[in-house]
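Hi,

Here is the structure I promised to pass on.

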Amino acid sequence: MRGEANAGIVPPTQPGTDHSPGRIHPTLVISQSGNRSVLIDRAYSQSAITLTRRLDIVQSEPGPPRNFSFALNVVCSRTLATSSLLSSSSQTQFYSPAAERPDGDFKVTMIPGDGVGPELMHVVKEVFKAADVPVQFDEHHVSEVQNMASEEKLDEVLNSMKSNRVAIKGKIYTPMEYKGELSSYEMKLRKKLDLFANVVHVNSLPGYSTRHNNLDLVIIREQTEGEYSSLEYESAQGVIECLKIITREKSRRIAKFAFDYATKKGRSKVTAVHKANIMKLGDGLFLQCCKEMAELYPKIKYESVIIDNCCMQLVSNPYQYDVLVMPNLYGNIIDNLAAGLVGGAGVVPGESFSAEYAVFETGARHPFSQAMGRNIANPTAMLLSSANMLRHLNLEFHSNLISEAVRKVIKLGKVRTQDMGGYSTTSDFLKSVINNLHPSRLC
């Protein structure tokens, strides 16, 4: 299961192993053939990947093992017929999450959403199929503009999410017209699943030049309260009051998440974004919670910046920021602004987390309805989000396979969609990514 010790897995730590950046390190597992122990590299054989993926414990029958050097030579020379060995070795027993799933696949909830969402999800499914990714999608179509939204539909999605705990989602468009319900389906999903932390990693793509290159910053947004609390009413004719809710509990929670993220990812600074000079109580409480949390992380530098100044600084000198944490509305604005710095809504992945669930989506949430059915949408952001999802599922090999293929297509520059200054279609991009799905070799 995820997080358990990989007992029985032998890491490639012998002298001479290449640990250079960007290389795929094979997972070597012991398989039993008669009385002979052999090491198998799952990165070399698709059949071996299929049969041994996500191994946590390998149980092999007793027998004198050959020494490590001999086994490693067998792997590196690639003379071992891994397919026939694995298919014929009925004495080898494997324990993996597949043992708890009849089909051996992870199940993931898929919500295509509106606009180009269904087209992007089609790309994801085709790439997963070509990469032999062990994921099954439980697909649910929810839309507030296509008469596919109801409490029953919402319950189906929630039940699927609670069962699978991981989802990939397109943008569910929220109509501007008031029809008796203030809370959108997007907000209902976030609140019912308590998806409090939205994370957008804004990272420049090698080979695609923008005004600011080599950007690497993270935006963390609290997304269950603030201005998006859906508390509006008409106090008098022509007078609307809209409540912004800031609580100590949720402010401390998102601040802790930001500092924990910075610590885990080896980042050096967290910046709190606010408007406490005007909203002295609401944003003042958020800012105070961030200050209190910063005292518990002395190794992480802490500073704060007013939201309007932050927008200007991001445009003029974004390199000064590392991790930014902020309330709901500010996060929505900064997500989109920062996405524009590296290429737009089509290239930045995003993800949302609760204590139990993870939802992967694009960083800048746009349905791009005007491109629907025209085969021009850029699938980069959704493919990178899907790769992040695979990493969350501990499918590192497949995650690297897909993300490296996408980045290679962009770096080569031969296939680019219209939003990146090219003339290629969504189908062209899909075909090019599939053509670049090949594992790096070790040895």
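**Helix pairs**

Helix H4 (residues 117-130) and helix H11 (residues 380-392) pack at an angle of about 50°, with their axes 9 Å apart. Axes here are lines fitted to C-alpha atoms, for helices over the stretch in contact, and angles run from 0 to 180 degrees between N-to-C directions. H4 and H11 are therefore oblique to each other (under 35 degrees counts as roughly parallel, over 145 as roughly antiparallel, 65 to 115 as roughly perpendicular, and the rest as oblique). Their crossing is right-handed, meaning that the near helix is turned clockwise from the far one by less than a right angle. On the H4 side the contact (heavy atoms within 4.5 Å) includes Leu120, Met121 and Phe128, and on the H11 side it includes Met382, Ser386 and Leu390. Its residues divide into 10 nonpolar, 1 polar and no charged. (Ala, Val, Leu, Ile, Met, Phe, Trp, Tyr, Cys and Pro count as nonpolar, Asp, Glu, Lys and Arg as charged, and the others, Gly among them, as polar.)

A quick word on the model: it is predicted, so local features need pLDDT of at least 70 and side-chain atom pairs count only at pLDDT 80 or more, while totals for chains, interfaces and linings use all residues. Residues are numbered from 1 along each chain as its sequence is written, and side-chain values use heavy atoms, with hydrogens and water left out.

H7 and H8 also pack, at about 45° and with axes 9 Å apart. That makes H7 oblique to H8, and this crossing is right-handed too. Among the residues in contact are Arg248 and Phe259 of H7 and Phe286 and Glu292 of H8. By class, there are 9 nonpolar, 1 polar and 4 charged residues.

**The sheet**

Now find the open sheet of 10 strands, with the order E7-E6-E8-E17-E16-E9-E10-E15-E13-E14 and mixed pairing. Helices (H or I, at least four residues) and strands (E, at least two) are DSSP runs, numbered from the N terminus, and two strands pair if DSSP finds at least two bridges between them. E7 (135-139) and E14 stand at the edges with a single partner strand each, so one side of each has no neighbour in the sheet.

Which way do E13 (residues 269-274) and E14 (residues 301-306) pair, parallel or antiparallel? They are parallel, over 6 bridges, and Val273 stands opposite Val305 in E14. E16 (residues 349-353) and E17 (residues 358-362), by contrast, run antiparallel and are joined by 5 bridges.

Cheers
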